[in-house]
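Welcome, and please get your viewer ready. We will take a short walk through one model, one selection at a time.

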Amino acid sequence: MAQAKLNVDASKFDLPVVKATQGPDGIMVSSLANDGFVTLDPGFLTTAQCESKITFIDGKNSVLLYRGYPIEQLCEQSDFLEVAWLLRHGELPSRAEYDRFCADLNHRTMVGEDFRSFMASFPRAAQPMSVLASAINALAAFYPDTTDITDPGKLDEASRIIMAKARTIVSYIYRRRRDEPMLYPDVARGYVDDFLRMCFAVPYEPYESDDLSIHALGRLLIIHADHEQNCSTSVVRIAGSAHANLYSAIAAGVNALSGPLHGGANEAVLRQLEVIRDSGESVASFVEDAKRNGTRISGFGHRVYKCHDPRAEVAKHYLQELMARGDVDDRLPADERALFDIATQLEDIATHDDYFVSRHLYPNVDFYTGLLYRIIGFEPAMFTPLFALGRIPGWIAQYREMLADPGTRIGRPRQVYTGRTRRDYVPMDQR
Ligand code: CMC
């Protein structure tokens, strides 16, 4: 085994190196704790928290692989449920496994009336990500027989329940905001087709599917399905490392995802475009102001991608396809269509501006997805729940990999303490 050597003053340490099949090898530093040292790495820029076989990113070459398969191939040839299976099991399913998986999910898609009443108790205007996290968490209370994570059968069932009901939950969040009734699933339709129907159908009218919207949303779910040890996935793993049940850990992931630096960026991008439009300011001066004030432009930059985000390329492709259709004017009012022009200008200016070029800040996946969700028919507040819907298979796969790994220990980072040293309490009247 390769060894790394570390010298700290007179102390010398030999640290084992864990070989990667692709990407950087890992220097195992855990033993340093016994010698009175910790490693300090704010934001975990160079800290791997686990070994994983699920997803590989090469951020310098725009590569994203799920279990070895490039996302471009999966977007072209696969579908979301097959990708969900792949992430969890490591191999593509046989026809029989795939059919069984789809049937298992279909039979769990409905939620009970008590659960529906629980969801209906949230204010209509509630933040959708808060409702989604609460709803996923509440599944543990509604299905207590499936929370024992030491029983693989129960863990399988919890995984199926979350995958199946998340679609119903997200569609109901959308409908409640509009004071519309929950629609029950129609298992004769595919996962994405039925999700769109549950969101947009009028209960007493037949619902006509739009093939391009179904296809585009299916691709968006695939490109969001996993992204190795990002913020929300790390949260899922850390919560799970304390043996929190799958529902609790995924609810924690939903909460982490909601932040505007992470999944919440897709909504932030659209809000940003609205601000530019309503200010009447030119896009160029908006960019200059942001640079001067040190404000982050939502939808640009990524911790790992230092060139094009391959997910952004896929999203941009489908955005262009939907925009090229003749019905855009029917789908979006003129003031919203203006946002697409502003986005094009912003992308053009930022990708040529030295500030962005020198820092390798490219448009990320969230730059395009909000516009795409919008053209499919969703309002901005729903964008991040749609990201979460896509990420659920990844969170499940990562949680289960974490649990099955004999090397997993409770996630418990250390710190370098820089506060006051020991001192004596001073009574209040003597301060
Ligand atoms: N606009 C302007 N400047 C930026 C941006 C941005 N969006 N992102 C990074 N920078 C600057 C940053 O100020 C720093 O400049 P300097 O070297 O002069 O101090 C430099 O670029 C490096 O940034 P960093 O803070 O080291 O980057 P990070 O890896 O810690 O943060 C990020 C990554 C995604 C949080 C950040 O790029 C960001 O805040 N982007 C905007 C929010 C966003 O779009 N998030 C979605 C990410 S993709 C989907 C997801 O992960 O959920």
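How close do the axes of helix α2 and helix α18 come, and at what angle do they cross? Keep in mind as you look that this is a predicted model. Select residues 80-89 for α2 and residues 383-404 for α18: their axes come within 8 Å and cross at roughly 15°. Angles under 35 degrees count as roughly parallel, so α2 is roughly parallel to α18.

Next, go to the loops between strands. Pick Ser 62, in the loop between β4 (55-58) and β5 (63-66). Ser 62 is not a glycine, yet its phi is positive, at about 55°. Then step on to Arg 67, which sits in the loop between β5 and β6 (69-70). Arg 67 is likewise a residue other than glycine with a positive phi, here near 50°.

Now for the ligand. Which residues come nearest to it? Show the 21 residues around the ligand, and you will find that His 262, Arg 296, Ile 297, Gly 299 and Arg 303 come nearest. Coloured by class, this shell has eight nonpolar, eight polar and five charged residues.

Zoom in on some polar atoms here. A nitrogen atom of the ligand is 2.9 Å from a polar backbone atom of Leu 261. At His 262, an N or O atom of the side chain is 2.7 Å from a ligand oxygen. A polar side-chain atom of Arg 296 also lies 2.7 Å from an oxygen atom of the ligand.

Note on methods:
Residues numbered from 1 in each chain as written. Predicted model: local features only at pLDDT ≥ 70, side-chain atom pairs only at ≥ 80, totals over all residues. Heavy atoms only, no water. Near = heavy atom within 4 Å. Polar contact = N/O pair within 3.5 Å; in protein donor to acceptor, adjacent residues only side chain to side chain. Nonpolar A, V, L, I, M, F, W, Y, C, P; charged D, E, K, R; others polar. Axes fitted to C-alpha atoms, helices over the stretch in contact; angles between N-to-C directions. Helix = DSSP H or I, 4+ residues; strand = E, 2+ residues; numbered from the N terminus. Parallel < 35°, antiparallel > 145°, perpendicular 65-115°, else oblique.
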